[in-house]
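Please open the model in a viewer and keep the sequence at hand.

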Amino acid sequence: ELRFHSRLARARPAQVARVQVSRNDGGHWEDLYAQPGTSTIGEQVFAERVLSLAAHAGRPIRVRFSYDYTSGTFFSTTDETSGWFFDNVILSGVEALANSRMCK
């Protein structure tokens, strides 16, 4: 399973926090979690999210966190009041973590 703490602050419905998985080395990505913004102040505290990886048991996968913009209006501020924040990412029940890459 994949556990993480998430806080989607101020975001428009076109701004979507996603956790995705790929079984073909990034050729195709499937949503495990998708949370669109609500055009309000959003979440003020972190909440734990728990996602099952059981459907991918026994297969190598890639996991990514993506803050996606689909179309329309968006909040463009870059401070703690807007956007998606995540922390404390934990993978459990996996055989190995290989070729990990952190993006900034």
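Buried means under 20% relative accessible area, exposed over 50%, and partly exposed in between (1.4 Å probe, protein chains only). This is a predicted model, in which local features need pLDDT of at least 70, side-chain atom pairs count only at pLDDT 80 or more, and totals for chains, interfaces and linings use all residues. Residues are numbered from 1 along each chain as its sequence is written, and side-chain values use heavy atoms, with hydrogens and water left out.

Select Arg18 first. Arg18 is buried, at a relative accessible area of 14%. Its side chain forms a salt bridge (a Lys or Arg side-chain nitrogen within 4 Å of an Asp or Glu carboxyl oxygen) with Asp68, where the closest N and O atoms are 3.0 Å apart. Since Arg18 belongs to strand S2 and Asp68 to strand S5 (residues 62-69), the pair ties together parts that are 50 residues apart in sequence. Strands are DSSP E runs of at least two residues, numbered from the N terminus. Asp68 is partly exposed, at 26%.

Next, select Asp25 and Arg62, whose side chains meet in a salt bridge (2.5 Å, N to O). Asp25 lies in the loop between S2 and strand S3 (30-36), and Arg62 in strand S5, so parts 37 residues apart in sequence are tied together. Is Asp25 buried or exposed? Asp25 is exposed, with a relative accessible area of 58%, whereas Arg62 is partly exposed at 33%.

Finally, select Arg49, which is buried at 18% relative accessibility. Arg49 forms a salt bridge with Glu43, the closest N and O atoms being 2.7 Å apart.

Conventions
Helix = DSSP H or I, 4+ residues; strand = E, 2+ residues; numbered from the N terminus.
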